[in-house]
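Let's take a walk through this protein, one part at a time. Have a look at the sequence and the fold before reading on.

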Amino acid sequence: MKRRVSQHGIPLGSRAPTRLTVFVLGGPGCGKGTQCEELVKNYGFVHLSAGELLRDEIKNKTQIGISCEELMAEGKLVPSEIPLNLLKAAMEKSERKHFLIDGFPRSVDQAQLFEKKIGKPNLVIYLECPFKVMQERLLKRGETSGRSDDNMETIKKRFETYRKESFPVVRFYEKVPNLLKTVSSAMSPTEVFEYIAQLLKDQYGLVAKFAPVLTGFDHRQHNCKRRTIIFVLGGPGCGKGTQCERMVRDFGYSHLSTGDLLRAEVASGSELGKQCDTLMKEGKLVPLDVTINLLKQAMGKAKCKRFLIDGFPRAVDQAHEFEAKVGKPDVVLCLDCSLELMEKRLLQRGKASGRADDNIETIKKRFETFLAESKPVIDYYRKSLPKAVKTIPTDKMPDEVYADVKAALKATAEKPVPPKVPAKADFR
């Protein structure tokens, strides 16, 4: 029997409340806009953006708009009460009461003010994405969009603002049981939406108009409790990022990056984060035990215990410390590439990305560090864990390299799983 649904794709007699408020959070370039478009199209949400509402006020030259324009012209911040009151008015005016709000709250005080004046959100979707991926997306978008804020200098400032002010909102909602749902947005937009659609179906019985077929990884197809640790090692420009994205997609690994973990800790505003931020600003290294503990914590929180750790260990002492406090890796993938080819790739990337570290002087320093500190790690594992080390030449096209990666993982009993539609999506 076909289930009856409303014109907005909401099943009659579903678990969805009469009034539903969903926040979509995430950094610049995480894909909020794309996902919100799909959610509106599929579920008929009323999409509200505090920024758009404010721009409309300025465009229509209302008293609020004129006041805000004057404040912005003076470089001053618009008081939190103004966007909040605009949101409240729009919500009260709307006949439909299923709201999708993106780009708000941008700070913890805005989150608290929303709860006080309007109410608590029913669901907070956090689109988690590595800073490196967001940066690449924004730079690529800048090539065609013409947006003045899609350049390296402005992107860095936006990331800094996000880390200091907006990311703590994620931590704020994490403390509320069953409110915040984290969805990796490093996948393709279609895959991200499919996971969100499954979440809305599981939690509220909402059915998308264009019911998606899940193409992401189905974690029921392997044993998430069986701990597996895979290190991905190689020089700058060897292709670690590209290969890791594909392994996460096909093998369902929990992907951990020490750099992202440190940045997240700094953004959280914790005492440890403040200490790390001070050290990094002074050009000092973060103590090894801090890095190891952050990895241990992330591994403890992950539902799937099959870990892909890239860019670590960077030195032999880090390898020793990890083994002592966490354990030995099961597989060490060494992406082997000549310095000449890596240099060529990095310089090519620098032309398009504008990355400050993709210039010949910095590249040479990075190579020196790699040869002096990181390459000995590979040599260490070749001696201590010869069966775990899998060397993959990366002087080929990415697809050819990945074919070798998959073959190496299959040889260690790691098998890619064809996607199936799960009863419940796995949100890590």
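Predicted model: local features only at pLDDT ≥ 70, side-chain atom pairs only at ≥ 80, totals over all residues.

How many nonpolar, polar and charged residues are there in the lining of the second largest pocket?

## The second largest pocket

By class, the lining has 20 nonpolar, 19 polar and 11 charged residues. For this tally, Ala, Val, Leu, Ile, Met, Phe, Trp, Tyr, Cys and Pro are nonpolar, Asp, Glu, Lys and Arg are charged, and the others, Gly among them, are polar. That makes a lining of 50 residues, with K32, G51, G103, R106 and R158 nearest the centre of the pocket. A pocket here is an open set of points on a 1 Å grid over the protein atoms alone, where a 1.4 Å probe fits and protein lies on both sides within 12 Å along at least five of seven lines; lining residues have an atom within 4 Å of a point.

The volume of this pocket is about 1800 Å³, counted as the space filled by probe spheres set on the points, which are joined across faces, edges and corners. Among the elements that each supply at least two lining residues are β1, α1 (32-43), α7 (152-174) and α8 (189-204). Helices (H or I, at least four residues) and strands (E, at least two) are DSSP runs, numbered from the N terminus.

Residues are numbered from 1 along each chain as its sequence is written, and side-chain values use heavy atoms, without hydrogens and water.

The mean pLDDT (the predictor's confidence in each residue, from 0 to 100) is 82, and 86% of residues reach 70 or more. Over residues 1-14 the pLDDT is below 50, and beyond near neighbours in sequence this stretch has 24 contacts in the model (heavy atoms within 4.5 Å).

## Two nonpolar cores

A nonpolar core is a set of buried Ala, Val, Leu, Ile, Met, Phe, Trp, Tyr and Cys residues joined through side-chain atoms within 4.5 Å. The largest one has 63 residues, and Y43, F45, I101, Y173 and L200 have the most contacts inside it. Helix α7 gives the most to this core, nine residues. Apart from it lies another core of 31 residues, including I229 and V326.

## A look at Y381

Y381 sits in helix α15 (residues 360-384). Why does Y381 count as buried? Because its relative accessibility is 0%, and buried means under 20% relative accessible area (1.4 Å probe, protein chains only). Leaving out residues up to four places away in sequence, Y381 touches F231, L233 and P313, among others.

Terms used. Buried < 20%, exposed > 50% of the residue type's maximum accessible area, 1.4 Å probe, protein only.
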